[in-house]
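Subject: The structure you asked about

Hi,

Here is the structure for you to open on your side. Have a look around it first, then read my notes below.

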Amino acid sequence: MAEDKQAYDVEKGAAAVPDAYEGPPAVDPGVYMGKHDAGAPATGVWAKFDYYNRKLEHKMGIETRGIERVPETERPDKRLWGNLMVWLAANCVLPTFALGLLGPVTFYMGLGDSMLTIFFFVSASTIIPAFMSTFGPKLGLRQMTSARYSWGWYGAKLVALLNCIACVGWSTVNSIAGAQTLEAVADYKISAAAGVVIIAVITLLVGLFGYKVVHKYEQFSWIPTLITFFVLLGVSAKHLVNLEMPVGQAEAASVLSFGGAIFGYCVGWASLSSDYNVYMPAEASSWKVFMWTYLGIAVPNILIQWLGAAVGCAAMVVPDWTDAYGEHELGGLLSAVMVPPMGNGGKFFMVLLVLSVVANNIVNVYSMGMSISVVWVYLAAVPRLFWPFFISAIYIPLAIVGADSFSSALENFLNVLGYWLAIYSTVVIEEHLIFRRRNYDNYNAAETWNRSDLLPWGIAAVIAAGFGVMGAVLGMAQIWYIGKIGALVGGDADPFGGDVGFELALAFTAITYPILRYGEKRFLHR
């Protein structure tokens, strides 16, 4: 009987696991902390709790494997193009369009310079998450677990915590975009709170079940959204205009600040990109994994942000669009563009854009459930089905509070996200290129992923991160703070400065980490 195959006696040891996505029948803290092998029998109170926890998740169809490494013999996902589908769906969404709007409506850029800024910043910044995605098949580890090889056992806890905060931030900003649009669909007869709750519930229903369901959903969810963006292009085309491109120091400040937001949006996937291909074979071509991921992120971002920039320019000159955006931001603008020429048909397509937010949110909900276990291994005992509810309980009230200030929330969040991810990514990439000599075999992942005594101390990474924070503070140009160098970028032409925070954070980290890491290896021997 099928039930017999899953039988497990915590006193006698582990039975065979019929489904690779389920992981071991029971895992105790000894596995997560390197005290014994994952294949050894799990014993004690923890093991009994974890066994029943995983049994419940199995009956609900939820992926039971947590942050433990996926062995090479349990990698059933041969579809390398699945990387394309996941990231295409996660980026072919309403917030991507909203980001393009920021060029004209927030930074007062023209269409030409907005499109050029989008193209070059997206093309460059997408390299980072695409590169990070190659770690999944090669190491069999989630992104925050593999961070231990550069940040160390305790340093990885710090970046995992920051990633959890980022996942909450992503879900908050996305939900605000969807709620504003849903309000407009309902002619403002429902509140933003109701819109946020509706989006959160749909996200829960999809994101609760794990890797297989996420991949299946993302494989198709982008199609209606893409059709909707074509419809949006069609109904807005006759109004599109090319505003004059500004020049001089003020223009440079605008390009850098807008580029910083774009960088934060694209590189935001770097802290979780390998979460979605750990079940792919270790012999998978890193180049193919990189290219599928790169295309899945870069192509929708460039095209949809271009559309957002074009509509944003038109919103500066079409009075009805200007008033709608000024009064109701994103939702009001979409309503002004789509409803007059299409009536209820326009509202139908707006609902599809609202639903696109789910494709982005489920990625954050799923990955936070993984990251939280890196923060503290005992949290791995908490049933996986709890974490989607937990993150929802956090971001729902945050989204409700910020529902009337989407553009400022988006800009501020993306820039701050860009600062820390520039630091995190620089450390991981330099560790791989310089100290692991571009060879995944040098990680010895099977033997060391959970061994704090075999992993780097992480001191070099944490100190280098401190220098990176210093660079970010000097270069940032936010409403709430303008750094010394950020102010110089704007000069007299732009009192708000130009944001070069992520560039300086990356540069300061890149210079200091190799020096500190050489010292760490020489004097601390790992």
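These are my notes on what turned up in it.

**Before you start**

This is a predicted model, so local features need pLDDT of at least 70 and side-chain atom pairs count only at pLDDT 80 or more, while totals for chains, interfaces and linings use all residues. Residues are numbered from 1 along each chain as its sequence is written, and side-chain values use heavy atoms, with hydrogens and water left out.

**The overall picture**

The protein chain has 22 helices and zero strands. Both are DSSP runs numbered from the N terminus, with at least four residues (H or I) for a helix and at least two (E) for a strand. Of the 526 residues in the protein chain, 61% are buried. Here "buried" means under 20% relative accessible area, "exposed" means over 50%, and "partly exposed" is in between (1.4 Å probe, protein chains only).

Now for contacts, meaning heavy atoms within 4.5 Å. Take those between residues at least 6 apart in sequence: 84% of them join residues at least 24 apart. The accessible surface of the protein chain is about 19900 Å², and 69% of that belongs to carbon and sulfur atoms. Those areas come from the Shrake-Rupley method with a 1.4 Å probe, and for residues only the protein chains shown count as cover.

**Inside**

A nonpolar core is a set of buried Ala, Val, Leu, Ile, Met, Phe, Trp, Tyr and Cys residues joined through side-chain atoms within 4.5 Å. The largest one here has 147 residues, and W87, W151 and Y424 are among those with the most contacts inside it. Helix α10 (residues 148–185) provides the largest share of this core, 18 residues.

Leaving aside neighbours within four places in sequence, W151 touches residues including I423, Y424, W457 and A461.

Helix α4 (residues 82–91) is worth a look too: 10 of its 10 residues are buried, so α4 is largely enclosed by the rest of the structure. W87 is one of those buried residues.

**Aromatic rings**

Rings of Phe, Tyr and Trp (its six-membered ring) pair if their centres lie within 6.5 Å; planes under 30 degrees apart are stacked, over 60 edge-to-face, and the rest tilted. That rule gives 22 aromatic pairs. In one of them, the ring centres of W170 and Y265 are 5.2 Å apart with planes at 70 degrees, so the pair is edge-to-face. W170 is in helix α10 and Y265 in helix α13 (residues 248–267), so this pair ties together parts 95 residues apart in sequence. Buried or exposed, what is Y265? Y265 counts as buried, at 0% relative accessibility.

W170 also pairs with W269, and this pair is stacked: 5.3 Å centre to centre, with 5 degrees between the planes. W269 is in the loop between α13 and α14 (286–315), 99 residues from W170. W170 and W269 are both buried. Ring pairs link W87, W170, Y265, W269, Y276, Y366 and F413 into a cluster.

**Salt bridges**

A salt bridge is a side-chain nitrogen of Lys or Arg within 4 Å of a carboxyl oxygen of Asp or Glu. There are seven by this rule. E72 and R69 form one, at 2.4 Å from N to O. E72 is partly exposed at 44% relative accessible area, whereas R69 is buried at 12%. Another joins R451 and D453, with the closest N and O atoms 2.7 Å apart.

R517 and E520 form a salt bridge as well, at 2.9 Å between the closest N and O atoms. Both lie in helix α22, three residues apart, about one turn of the helix. R517 is buried at 2% relative accessible area, and E520 is buried at 4%. Salt bridges that share partners join E431, R436, R517 and E520 into one network.

Patches are made of residues with over 30% relative accessible area and no salt bridge, with like charges joined within 9 Å and nonpolar side chains (Val, Leu, Ile, Met, Phe, Trp, Tyr) within 5 Å. W457, I459, I463, F467, M470, F523 and L524 make a nonpolar patch of about 670 Å². Helix α20 gives the most to this patch, four residues. I463 is in α20, and I463 is partly exposed with a relative accessible area of 38%.

Enjoy exploring!
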